[in-house]
Amino acid sequence: MADRAALARQLARPGGRAGALVAAAMDLANRRAVAASIAALAPRPGEHVLDLGCGTGRAAELIGRTGARVTGIDHSPLMVETARRRCGDRATIAAARFDRLPLKDAGVDAVFACNTLYFWHDEAAILGELRRVLRPDGRFVAYVTAGSAIAKLFGGKSETHRSFGEAELMALVPAFGLRTPSVSIAPLATFGVRGFVIAIESTSQPHA
């Protein structure tokens with residue numbers, strides 16, 4: 001159980017040699033989830049995408065290749081350093097709290113979050129901050145491992161990982177304040193582990 005708790009802490013905030021190993025393993029494990037989530041995001045050249053919880057920078061680098069302007073945020077110094085090395089000039093990487101983003105109001109066209117929603121323990125503050133930085137005609141895409149799979153991995157309820165199913169994901173939708181949002185939740189299995197890709201997008205045209 002102690003090993004599971006240590007793993008959970010490293011997944012939440014990678015650090016040191018153990019954190020580097022866990023991050024490298026998650027890079028491999030998350031490849032399908034990242035690819036499916038980026039496909040749902042459909043990044044466009046010139047738009048500003050926030051990668052919230054960018055980790056090693058794999059997704060930020062791939063999104064940057066589309067011509068989008070990417071800002072990657074993480075609260076792990078190790079991940080910030082790793083992502084900066086990986087992304088080069090394809091993305092701007094910064095260390096920051098999720099509830100205190102160094103971004104201007106309505107300055108983000110899309111928010112991308114792969115395997116980070118579990119750590120939104122102060123959900124109201126983080127959602128409020130995302131609503132501040134995201135344009136009302138923007139979109140949000142995230143991947144989460146299903147709560148049942150998280151419980152199995154950690155032998156029950158985890159102190160670090162919140163549990164998500166379709167109902168919990170749908171409950172997030174109103175908080176973004178998007179105009180007439182369209183929502184899709186697609187199941188995705190990675191190495192036999194069940195998860196979901198949620199995409200929330202405004203169906204209203206931006207005001208001139």
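This is a predicted model: local features need pLDDT of at least 70, side-chain atom pairs count only at pLDDT 80 or more; totals for chains, interfaces and linings use all residues.
Visitor: What makes the radius of gyration of the protein agree with that of a compact globule?

Guide: With 208 residues, a compact globule would have a radius of gyration near 17 Å, and the protein has 16 Å, so the value agrees with the rule. Along its principal axes, the C-alpha trace spans about 55 × 40 × 30 Å. The protein contains 8 helices and 7 strands, and buried residues account for 51% of its 208 residues.

Visitor: Why is the pair Arg44 and Glu201 called a salt bridge?

Guide: The closest N and O atoms of Arg44 and Glu201 are 3.4 Å apart. The criterion is a side-chain nitrogen of Lys or Arg within 4 Å of a carboxyl oxygen of Asp or Glu, so the pair qualifies. The structure holds 12 salt bridges.

Visitor: Which parts of the protein does the pair of Arg44 and Glu201 tie together?

Guide: Arg44 lies in the loop between α3 (31-41) and β1 (48-52), whereas Glu201 belongs to strand β7 (residues 193-202), so the pair links parts that are 157 residues apart in sequence.

Visitor: Why is Arg44 called partly exposed?

Guide: Its relative accessible area is 41%. Partly exposed covers the range between the buried limit, under 20%, and the exposed limit, over 50%; therefore Arg44 falls in the middle class. Glu201, at 35% relative accessibility, is partly exposed as well.

Visitor: How do you know that Glu61 is buried?

Guide: Glu61 has 15% relative accessibility, and buried means under 20%, so Glu61 counts as buried. Glu61 also forms a salt bridge with Arg65, their closest N and O atoms being 3.2 Å apart.

Visitor: Are Arg132 and Asp105 buried, partly exposed or exposed?

Guide: Arg132 has a relative accessible area of 25%, between the limits of 20% and 50%, so Arg132 is partly exposed. Asp105 stands at 52%, and exposed means over 50%, so Asp105 counts as exposed.

Terms used:
Residues are numbered from 1 along each chain as its sequence is written. Side-chain values use heavy atoms; hydrogens and water are left out. Helices (H or I, at least four residues) and strands (E, at least two) are DSSP runs, numbered from the N terminus. The radius of gyration is taken over C-alpha atoms; the globule rule is 2.2 Å times the number of residues to the power 0.38. Buried means under 20% relative accessible area, exposed over 50%, partly exposed in between (1.4 Å probe, protein chains only).
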